[in-house]
Amino acid sequence: MNKIAIIGGGASAFFIAANLHPKIGENTHLYEQATSPLQKVRISGGGRCNVTHACFDPRELVEFYPRGKKELLGVFHQFQPGDTMEWFESRNVPLKIEDDNRIFPQSNTSLSIIECFLKEIEKSKVNIHLNHGIQGIRAENNQFILRIQNKEEVFDKIVIATGSSPKAWKMIRSLGHTIVSPVPSLFTFNCKDHRIKELMGVSFANASVEVVDSDLAAEGPLLITHWGFSGPAILRLSAWGALALSEKKYQFNIKINFVEQPEEQIIDFLKKLRQQQPKKNCFSNNPFSFPKRFWKSLLISVGIKEKLNFADLRNLQIEQLAKELTAGEYTIEGKSTFKDEFVTAGGVDLREINFKKMESKLHPNLFFAGEVLNIDAITGGFNFQACWSEGFIIASELNKSIK
């Protein structure tokens, strides 16, 4: 029976291990350098684990991947979010679809997912080695020699699922593979603009954001934080613009439409407000659904005094206010990333992978899964789905050697 090594202790690695037949598992060794595995699973979704997303058509699903769209289409035809739901629920982990189509365990804790993996791996008999980092890999005579804790061991097949690890990429490069230079993918925007300085916690149900002098744009919920802007709209923009924003060294301007309406329409609305409610105070009467704090900040930014009523607004002030609401421009100076949930664009060049098997085109019996590849998505649930799908394919391939 082939001796197999799985390198990594994250979502992909454990899903592969959980899906192996015991006859394969007892000859499989999973190596994780940390003392505690599945850290991203543990903390994702605020500790609830955003398992996947309710998007069940592979053609629609791939649209959420800035890198890997073409390659993942066939992968998702083999294993998609519906299959993920069935896999967990058949193992006594009921899931729920929330209003935004994110899927979580009904228990609202990632521990349900982790405990499920541990139970399944106990059944599959995979040997787990924590606190065992891989120091080197080389291919020799159609086998692989791993250096583990200053000792060498020979394996017939290896799976690399190390996530965005510079050390792992260096070893993969030594095998002849090309590594696309990694850059951050999901990050928030740092902004010190006086208009949002005191607005931490203010959120918008939907806003449009675009990077000035580019084709980059996204929409969705937006959040003002103590460091700048966050929320799904910003994270989507950071994912699609990962490479371009890196080239800009994270120094750029954005325009935000906070009301999802054109400027002219807002001008007309404010002029009608001036006619219909002339005696109402501007500061005391916020005509929009967003928080009053933001409305007051914009009034101050265009020079409107607190004692003014709507009747006192000049056309120029209305036009300035409409522009702030529909095309407010903000200077971004840097980014902030979620340290433990850090996601990158970059990794093993996808042209060197056979996605029917998730196998290297350079070395037979060398497989890749997860963020070690140049694949990333706009949120954690989509990133996990790529892990589950790739992992399922690899486990299926490894299970084929059962006689």
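The sulfur of Cys-49 lies 11 Å from the closest cysteine sulfur, which belongs to Cys-387, and this is too far for a bond. A disulfide is a pair of cysteine sulfur atoms within 2.5 Å, and the structure holds zero disulfides. Cys-55 is likewise in no disulfide, the nearest cysteine sulfur being that of Cys-387 at 17 Å. Cys-49 counts as buried because its relative accessibility is 0%, and Cys-55 counts as buried at 8%. Here, buried means under 20% relative accessible area, exposed means over 50%, and partly exposed lies in between, with a 1.4 Å probe and protein chains only.

The model is predicted, so local features need pLDDT of at least 70 and side-chain atom pairs count only at pLDDT 80 or more, while totals for chains, interfaces and linings use all residues. Residues are numbered from 1 along each chain as its sequence is written, and side-chain values use heavy atoms, with hydrogens and water left out.

**The chain as a whole**

The protein chain has 403 residues, and buried residues make up 52% of them. Its C-alpha atoms fill a box of roughly 85 × 40 × 35 Å, taken along the principal axes. The accessible surface comes to about 18500 Å², and carbon and sulfur atoms account for 48% of this area; such areas come from the Shrake-Rupley method with a 1.4 Å probe, and for residues only the protein chains shown count as cover. The secondary structure comprises 14 helices and 22 strands. Helices (H or I, at least four residues) and strands (E, at least two) are DSSP runs, numbered from the N terminus. Among contacts in the chain with a separation of 6 or more, 73% join residues 24 or more positions apart; a contact means heavy atoms within 4.5 Å.

Strand S1 covers residues 4-7, and both of its faces are covered. Ile-4 and Ile-6 on one side are buried, as are Ala-5 and Ile-7 on the other. In a regular strand the side chains alternate between the two faces of the sheet. Two strands pair if DSSP finds at least two bridges between them. S1 runs parallel to strand S2 (residues 28-32), to which four bridges join it. Four bridges also join S1 to S10, again in the parallel sense. Ile-4 takes part on both sides: Thr-28 stands opposite this residue in S2, and Lys-157 is its bridge partner in S10.

Lys-157 belongs to strand S10, which spans residues 157-160. This lysine is buried yet has no salt bridge. Leaving aside residues up to four places away in sequence, Lys-157 touches Asn-2, Lys-3, Ile-4, Ala-5, Phe-144, Asn-365, Leu-398 and Ser-401.

**A sheet of three strands**

An open sheet has three strands in the order S3-S5-S4, with antiparallel pairing. Strand S3 (52-53) and strand S4 (95-97) stand at the edges; each has a single partner strand, so one side of each is left without a neighbour in the sheet. S3 pairs with strand S5 (residues 102-105) in the antiparallel sense over two bridges. Thr-52 stands opposite Ile-103 in S5. Strands of a sheet pair through backbone hydrogen bonds, either parallel or antiparallel.

**Salt bridges**

Side chains of opposite charge can pair when their charged atoms come close. A salt bridge is a side-chain nitrogen of Lys or Arg within 4 Å of a carboxyl oxygen of Asp or Glu, and the structure holds 16 of them. The table gives examples.

| Salt bridge | N to O distance |
|---|---|
| Lys-96 and Glu-98 | 3.7 Å |
| Arg-138 and Glu-140 | 3.2 Å |
| Arg-351 and Asp-349 | 2.7 Å |

The partners can also be described by their accessibility. Arg-351 is exposed at 65% relative accessibility, whereas Asp-349 is buried at 8%. Salt bridges that share partners join Arg-48, Lys-96 and Glu-98 into one network. Within this group, Lys-96 counts as partly exposed at 25%. Glu-140 is partly exposed at 37%, and Arg-138 is partly exposed at 34%.

Technical notes: Lys, Arg positive; Asp, Glu negative; His and termini not counted.
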